[in-house]
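Please look at the sequence and the three-dimensional structure together.

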Amino acid sequence: MTLRIGLIGCGRWGRLILRDLTSAGAQVHVAAPTDATLAQALALGARTAERDILALGPMDGYVVATPTATHAAVLEQLLPTGRPIFVEKPMTADLASARRLAAAAGDRLFVMDKWRYHPGIEAMRAEISAGAIGEVLAIRTQRWGWGNPHDDVSALWILAPHDLSITQHLIGEIPPLRSTTVMHPAEPDLGFTVQLAGDRGPSVSMDIGIASPGHQRRCLVVGRNGAIELRDGYDDKVFARIGPPGRTGAAERVIEVGRKMPLQAEIETFLSFVAGGPPPMSTACEGLRVVERITEIEATLAIDARRAP
């Protein structure tokens with residue numbers, strides 16, 4: 001059976017989603033706001049392209065890749081169809097709409113947290129679950145690059161969902177917010193560090209910024225009996241040392257994970273779900289937790305900036 005998928009938005013990231021939907025065998029019908037985007041969608045393999053979502057006709061499922069600020073309005077338009085929906089992260093950038101959508105969507109709305117489908121992150125989760133590094137003590141992520149290509153929301157809303165979803169994947173929860181530190185008080189969005197920690201369990205440190213000439217994506221997990229690390233988003237292996245952290249004599253391990261692209265993996269998972277298979281990761285309720293935590297971080301970063309001399 002060929003699935004009919006409505007792709008809402010076909011810009012910088014949406015065209016990659018279109019590529020992977022069509023390569024996976026879906027018949028894709030695109031809704032987009034401009035003639036140029038509609039023409040691009042048809043040139044890239046869309047079966048039809050319309051300005052109005054309702055003009056697409058009945059679909060088996062939908063993928064939403066519009067600007068973050070429009071997610072809530074698009075999702076509320078799609079929910080009455082009763083069909084499965086996959087929305088780019090974050091679910092919304094507004095806590096009230098995220099709560100409303102999570103309550104209304106049931107088990108039909110999922111968030112495209114691609115890092116949960118990264119083979120290196122999955123390998124790390126499997127090692128943690130198997131007890132290879134013992135009790136997890138700390139997670140440290142770094143996400144640095146140059147600039148924010150999105151003009152509708154800050155870099156916080158674009159970058160932090162990745163590291164929050166990685167945390168969710170590795171330890172099954174997102175700890176409470178403990179503190180934030182900005183790189184420069186007058187420009188808090190340039191770079192900041194977020195500390196998450198509860199009274200028990202691991203601490204999480206997220207180092208995020210848009211003022212680095214280099215591109216860095218790193219995830220380190222320190223356990224009571226070892227540590228494991230993904231050193232770059234495009235690495236095909238993760239690195240581990242098994243033994244008490246920092247002690248000499250720890251055994252080195254290199255775990256091959258392959259090069260399957262996370263976007264391709266999550267698209268295939270969603271199409272399988274639409275066809276009757278198991279659901280994707282990152283439910284609407286989990287998406288709401290990410291929005292809740294980012295809302296808290298955003299408020300704290302603003303407070304930090306006001307208090308700075």
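Helix α6 covers residues 155–171, and its 17 residues, at 1.5 Å a residue, should span 24 Å; the C-alpha atoms at its ends lie 25 Å apart, which agrees. The expected span is 1.5 Å times one less than the number of residues in the helix. Helices (H or I, at least four residues) and strands (E, at least two) are DSSP runs, numbered from the N terminus. The model is a predicted one, in which local features need pLDDT of at least 70 and side-chain atom pairs count only at pLDDT 80 or more, while totals for chains, interfaces and linings use all residues. Residues are numbered from 1 along each chain as its sequence is written, and side-chain values use heavy atoms, with hydrogens and water left out.

Helix α6 bends by about 25° at Pro 161; the bend is the angle between axes fitted to the seven residues ending at a residue and the seven starting there. Of the 17 residues of α6, 16 are buried, so the helix is largely enclosed by the rest of the structure. Here buried means under 20% relative accessible area, exposed over 50%, and partly exposed in between (1.4 Å probe, protein chains only). After α6 comes Gly 172, which has a positive phi, near 80°.

Which strands form the open sheet of 8 strands, and in what order? The order is β8-β9-β10-β7-β11-β12-β13-β14, with mixed pairing; two strands pair if DSSP finds at least two bridges between them. Strands β8 (177–182) and β14 (251–256) stand at the edges with a single partner strand each, so one side of each has no neighbour in the sheet. On average, neighbouring strands of this sheet are turned by 15° against each other, direction ignored. Axes are lines fitted to C-alpha atoms, for helices over the stretch in contact, and angles run from 0 to 180 degrees between N-to-C directions. Within the sheet, β9 (residues 191–196) and β10 (residues 203–209) pair in the antiparallel sense over 6 bridges, and Gln 195 stands opposite Ser 205 in β10.

Helix α5 (residues 119–129) packs on this sheet, touching β7, β11, β12, β13 and β14, and its direction makes about 165° with that of β12. Helix α6 lies across β7, β9, β10 and β11, at about 155° to β7. The two helices α5 and α6 pack at an angle of about 35°, with their axes 8 Å apart. In α5, Ile 121, Glu 122, Met 124, Arg 125 and Ile 128 meet Ile 166, His 169 and Leu 170 in α6, where contact means heavy atoms within 4.5 Å.

A further open sheet has 6 strands in the order β3-β2-β1-β4-β5-β6, with parallel pairing. Its edges are β3 (48–50) and β6 (109–112), each with a single partner strand, so one side of each is left without a neighbour in the sheet. Strand β5 (residues 85–88) pairs with β6 in the parallel sense over 4 bridges, and Val 87 stands opposite Val 111 in β6. Helix α1 (residues 14–23) lies across β1, β2, β4, β5 and β6, running at about 170° to β1.

Finally, Pro 175 is found in the loop between α6 and β8. Is this residue, Pro 175, buried or exposed? At 4% relative accessibility, Pro 175 counts as buried. Leaving aside neighbours within four places in sequence, its contacts include Thr 167, Leu 196 and Arg 293.
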